[in-house]
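Please examine the sequence and the three-dimensional structure shown here before turning to the explanation.

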Amino acid sequence: MKPLRNHIVTVMAMMSALLISCDKDIIAIDPIENNTANAFYQNEIEAKQAITGIYARLGRNGTNTDFATDYYWLASENRSDLLYLVDGTSAQNDQLELRKYLISPNSGTVSGIFGRLYSLIKDANSLLYRTKEGEYTRYRAEARFLRAFAYFELLRSFGPVALITEPIENRDAVTLPREEPQAIYAQIISDLEFAAANLDKFYTGADAGRIGSVAANALLGQVYMTMAGYPLNDASGYTKAETVYAGIIADVDTRFNPDYTKLFILANENKNDIFSIQFASGQNVGSSLPGFITSSPSSGSPFPEWTYATYSLQGQDVRVDTMLVNRMKASGDKRLMASIDTGYWNSTNPATRSWVTRNIVTKFLEKDNTNTRIKAWNDFPRNFTIIRPADVYLYYAEALIANGKAAMAKQYVDKLRARAGLAPLAAAPTLANIKEERKYEFIGEGRRFFDLVRWGQAEAVTTLSSFAQHYHSQTNGQLPSVKDLLLPIPQNELNTRNNWVQNPDY
């Protein structure tokens with residue numbers, strides 16, 4: 001049972017007129033004098049419907065693809081040194097351009113990401129403006145968390161953006177400058193602190209999947225860790241992150257599953273995670289991610305023994321770094337087979353089929369040929385986890401190392417290594433150990449690109465360039481440079497204002 005998703009299905013229809021903004025005006029905020037909006041938020045039921053509509057922004061939300069597919073897979077993992085492109089067709093141009101570092105300000109995927117995040121901010125601002133301090137506090141706390149999350153992802157991917165914290169007329173919105181990162185981070189921190197102070201630790205039962213205070217603090221710690229790295233390089237972030245994580249580590253432990261293979265199954269959703277995007281099949285709120293991750297250009301659907309007849313591939317032939325796979329095989333890392341399939345039979349006919357060797361991320365698939373609820377390629381039931389206990393363990397360990405407390409960090413790294421079937425570290429962990437564990441632990445989950453960036457401009461560009469040189473010499477791409485550490489500001493956003501300058505070199 002996935003209660004939040006069931007609420008989302010109902011609320012999407014009820015709230016569409018109130019909550020959906022025009023694609024042509026990306027950061028449009030409902031005018032303050034909007035009578036329809038002012039008439040809403042009159043009771044707890046309406047406030048709850050409104051916050052559910054904000055959660056829905058991260059799902060399909062009336063589109064073919066969800067936020068996890070567009071952002072964490074195509075614009076993040078797809079640009080990292082974990083995946084490589086085998087065949088470059090023109091079927092999905094945005095995917096190719098992102099992978100080959102050829103993306104332009106006219107990218108529909110980039111514009112969609114930017115617009116979706118600002119739509120989330122707009123909806124959160126509307127709820128916060130039209131409810132009073134002291135009433136519907138839980139829903140206000142959830143709205144502030146989601147607003148903080150949206151601004152955090154905008155900063156990480158686009159750099160400085162406009163800071164909007166209440167409904168604003170469109171004519172005024174387009175005059176806003178790109179705010180300094182420190183000011184945006186200050187708002188993010190304020191929002192997350194409010195959420196952490198006004199939510200229960202976790203929600204279960206009918207409220208499973210909703211944000212709790214542990215999620216707010218976990219994201220706050222991640223914000224501090226990001227501020228400590230490139231481009232801000234604010235070393236005080238490590239101390240602040242350590243303090244935040246120390247306060248929630250016991251609660252995070254209650255969500256830790258010692259079996260990695262059980263993290264990505266339907267039965268354990270909303271039990272082993274801290275913050276996830278909710279999906280369900282058969283209700284038009286399913287995930288589009290499997291349609292992109294199990295891709296091949298022309299040889300048919302991978303895993304024909306379980307996919308249904310109308311399954312169609314949407315992505316390019318993107319595979320996992322062979323050297324990474326070989327290293328995990330050699331060490332006996334249990335995370336490998338839980339995250340990646342190294343091949344598949346190309347037919348269900350034993351007499352004619354052959355084995356296709358291909359390293360593909362499959363941790364988000366539901367390989368169940370009896371599941372009749374899945375209706376289309378973008379209708380898979382698996383949640384997408386944004387924060388789970390391993391995030392906290394490794395960020396906390398990294399902060400401890402930076403603060404000269406590596407011996408204290410060892411238990412958290414060893415806990416993940418033990419789950420992976422690996423021996424404990426022989427000594428206190430180093431930053432190099434953290435980097436290695438994060439690479440193996442989060443394959444396919446959209447963490448790697450942002451890790452490389454925060455660990456330093458030079459390291460990110462060198463690592464990505466070396467990987468591109470090794471794998472992409474035949475795909476007509478270009479080597480990444482400093483410019484590729486940010487996405488371009490969408491051109492349709494720049495067209496609405498004359499006081500924004502495009503990110504360098506786009």
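Residues are numbered from 1 along each chain as its sequence is written, and side-chain values use heavy atoms, with hydrogens and water left out.

The average pLDDT of the chain is 89, where pLDDT is the predictor's confidence in each residue, from 0 to 100. A score of at least 70 is reached by 88% of the residues. Residues 11–35 form a stretch in which pLDDT stays under 50. For this stretch the model has 64 contacts beyond four places in sequence, a contact being heavy atoms within 4.5 Å. Where pLDDT is low, the predicted coordinates should not be read in detail.

The chain contains 20 helices and six strands; these are DSSP runs, numbered from the N terminus, with helices being H or I of at least four residues and strands E of at least two. Of the 506 residues in the chain, 62% are buried. Here buried means under 20% relative accessible area, exposed means over 50%, and partly exposed lies in between, with a 1.4 Å probe and protein chains only. Among contacts between residues at least 6 apart in sequence, 72% join residues at least 24 apart.

Two helix pairs may now be considered. The axes of helix 15 (residues 389–402) and helix 16 (residues 406–419) come within 8 Å and cross at roughly 150°. Axes are lines fitted to C-alpha atoms, for helices over the stretch in contact, and angles run from 0 to 180 degrees between N-to-C directions. Helix 15 and helix 16 are therefore roughly antiparallel, given that angles under 35 degrees count as roughly parallel, over 145 as roughly antiparallel, 65 to 115 as roughly perpendicular and the rest as oblique. Their crossing is left-handed, a term used if the near helix is turned anticlockwise from the far one by less than a right angle, with right-handed used if clockwise. Helix 15 contributes A390, Y393, L394, Y396, A397, L400 and I401 to the contact, and helix 16 contributes A406, M408, A409, Y412, V413, K415, L416 and R419. By class, this contact of helix 15 with helix 16 has 13 nonpolar, no polar and two charged residues. In this classification Ala, Val, Leu, Ile, Met, Phe, Trp, Tyr, Cys and Pro count as nonpolar, Asp, Glu, Lys and Arg as charged, and the others, Gly among them, as polar.

For helix 4 (residues 67–74) and helix 7 (residues 137–158), the axes come within 13 Å and cross at roughly 35°. The crossing of helix 4 and helix 7 is left-handed. In helix 4, F67, Y71 and Y72 meet F149, E153, R156 and S157 of helix 7. The residues of this contact divide into four nonpolar, one polar and two charged.

The next residues lie in loops. S287 is located in the loop between strand 2 (275–277) and helix 12 (290–293), and counts as buried because its relative accessibility is 4%. Apart from residues up to four places away in sequence, S287 touches D66, F279, W377, N378, D379, F380 and R382. S288 also lies in the loop between strand 2 and helix 12 and is buried, with a relative accessible area of 0%. Beyond its neighbours within four places in sequence, S288 is in contact with N64, T65, D66, T69, W377 and N378. In the loop between helix 11 (236–253) and strand 2 lies N268, which is buried at a relative accessible area of 16%. Leaving aside neighbours within four places in sequence, N268 is in contact with N257 and K262. N268 and N257 are 11 residues apart in sequence, and 9.4 Å separates their C-alpha atoms.

Most residues other than glycine have a negative phi, and most peptide bonds are trans. Y230 and P231 are joined by a cis peptide bond, with omega about 10°, and P231 is found in the loop between helix 10 (213–228) and helix 11. Y101, a residue other than glycine, has a positive phi near 60°. Y101 lies in the loop between helix 5 (93–99) and helix 6 (108–130) and counts as buried at 2% relative accessibility. Y136 is not a glycine either, and its phi is positive at about 50°. The loop between helix 6 and helix 7 holds Y136, which counts as partly exposed at 21% relative accessibility.

Methods. This is a predicted model: local features need pLDDT of at least 70, side-chain atom pairs count only at pLDDT 80 or more; totals for chains, interfaces and linings use all residues.
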